[in-house]
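Morning, everyone. Let me put the structure up, and then I'll walk through it.

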Amino acid sequence: MPSSKGYAALNAQSPLAPFSFTRREPGPTEIAVEILYCGVCHSDLHMARNEWGQSMYPLVPGHEIVGRVLSAGSAVKRFKAGEIAAIGVIVDSCRKCAPCRHGEEHFCKEGATLTYANVDRVDGSITMGGYANNYVVDERFAHTVPANLDLAAVAPLLCAGITTYSPLRHWKVGPGKKVGIVGLGGLGHMALKFAHSFGAHVVQFTTNLRKREDALRLGADEVVLSSDPEAMKAHANSFEFILDCVSAPHPVDDYLALLKQDATLCLVGLPDKSPSFSVFNLIGRRAAIAGSMIGGMPETQEMLDYCGAHNIVSDVEVIRMDQVNEAFERMLKQDVKYRFVIDMSTLG
Ligand code: NAP
Ligand code: ZN
Ligand code: ZN
């Protein structure tokens, strides 16, 4: 593989800056990909700034990758040079444990290899993510992209898409179910699109009523300002399922109070401080708090194919590579509709 270039954080305090590095040579079952687009996930910001305490530097973020195959190893079956491939949050796993054998690589007993800031199983190097010109990955961890979809708008499906599709499927969201989505950001807007597409009655919760028209356009049946106690109370004890996509600490009890008996609040947002909640809100309705993390390889492909069949993509603002630091700041101010995507041809 020729040398790679991208943008990296050198420590938790510095802005991302141009950075050169090398990737290992692709093996027989691997593809080398020229990255065309990479989405900007809030996890990239959490990681660049070491908000979860597990970052390794230099850190090249990016796990919502769409690119063109530069070369395919001799044993690669699903891709040829010149074709489009997509890469998400996981780039390897043990491939032997029960979850891996069942296509749930995200629950790999040995721990999946993440796209960046993780130890590469093959050569022990630190993985470098998709804010870069290329990537090397085993074809088992790459996905095909439906030809009818816009490639920039596909990129966020690789994390925001699967992270919301998977729990909505697991908890069988569909017709006759009342479902809440908390937070209208990158994950939230995909959750809204999927829940609507699956036929549920969808209520979008937001801290910002200026997003109301967008939420209705994206598929919400109702929009609720979460800081309005009366508006919240009107939905007490009425939800089968609520998916919480919020990136910062916020009162989880407010949503537990809205669950029906035997209903579930599933957290996918990962604030640096975990929420506290009243057990009374659970026992009084036998409710559950759950969590969910991205999805396995087969379900990620299923999600992409579903998006192709139903014409679902992310609402994106395409930016230049050198705008990424500004994009992080704007994401923190909720000033993005609804996902930044880096056009990698601007890397220079
Ligand atoms: P994002 O685009 O920044 O969206 C977060 C949304 O949360 C905002 O749009 C906002 O919605 C709401 N919010 C922000 N600050 C808030 C506050 N102080 N109080 C209440 N609501 C607030 O982020 P994202 O990329 O969607 O990621 C969301 C979270 O999911 C991040 O923590 C990320 O690390 C995590 N994540 C988890 C997984 C997983 O596998 N579980 C995968 C990817 C990402 P409103 O303006 O509508 O209120
Ligand atoms: Zn992500
Ligand atoms: Zn495994």
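Ground rules. This is a predicted model, where local features need pLDDT of at least 70, side-chain atom pairs count only at pLDDT 80 or more, and totals for chains, interfaces and linings use all residues. Residues are numbered from 1 along each chain as its sequence is written, chains are lettered from A and ligands numbered from 1 in the order in which they are written, and side-chain values use heavy atoms, with hydrogens and water left out.

Ligand 1, then. Its shell holds 29 residues, counting a residue if one of its heavy atoms lies within 4 Å. The closest are His42, Thr206, Thr207, Lys211 and Arg339. Now the polar contacts, meaning pairs of N or O atoms within 3.5 Å. Lys211 places a side-chain N or O atom 2.6 Å from a ligand oxygen. For His42, a polar side-chain atom sits 2.7 Å from an oxygen of ligand 1. For Ser43, that distance is 2.8 Å.

How much of ligand 1 does the protein bury? Alone, the ligand exposes 920 Å², and the protein buries 90% of that. Those areas are Shrake-Rupley values with a 1.4 Å probe.

Which elements give two or more residues to that shell? Helix H1 (42-48) and helix H5 (186-197). H1 gives the most, with 3 residues. Helices here are DSSP runs of H or I, at least four residues; strands are runs of E, at least two.

On to the zinc ion, ligand 2. Its protein donors are Cys41 (SG), His63 (NE2) and Cys159 (SG), at 2.0 to 2.3 Å. Donors are N, O and S atoms within 2.8 Å of the metal (3.2 Å for Na, K and Ca); water is not among the atoms, so sites may look incomplete. The spacing reads C-x21-H-x95-C. His63 and Cys159 link distant parts of the chain, 96 residues apart. His63 lies in the loop between H1 and strand S4 (65-72), Cys159 in the loop between helix H3 (151-154) and helix H4 (160-170). Both His63 and Cys159 are buried, that is, under 20% relative accessible area.

Last, strand S12, residues 239-244. Why call it largely enclosed by the rest of the structure? Because 5 of its 6 residues are buried. Strand S9 (178-182) runs parallel to S12, joined by 4 bridges. There, Ile181 has Leu243 as its bridge partner. Strand S13 (259-267) is also parallel to S12, with 5 bridges. Phe239 stands opposite Leu259 in S13. Pairing here takes at least two DSSP bridges.

How values were computed:
A polar contact is a pair of N or O atoms within 3.5 Å; within protein, one must be able to donate a hydrogen and the other to accept it, and residues adjacent in sequence count only if both atoms are side-chain atoms. Buried means under 20% relative accessible area, exposed over 50%, partly exposed in between (1.4 Å probe, protein chains only).
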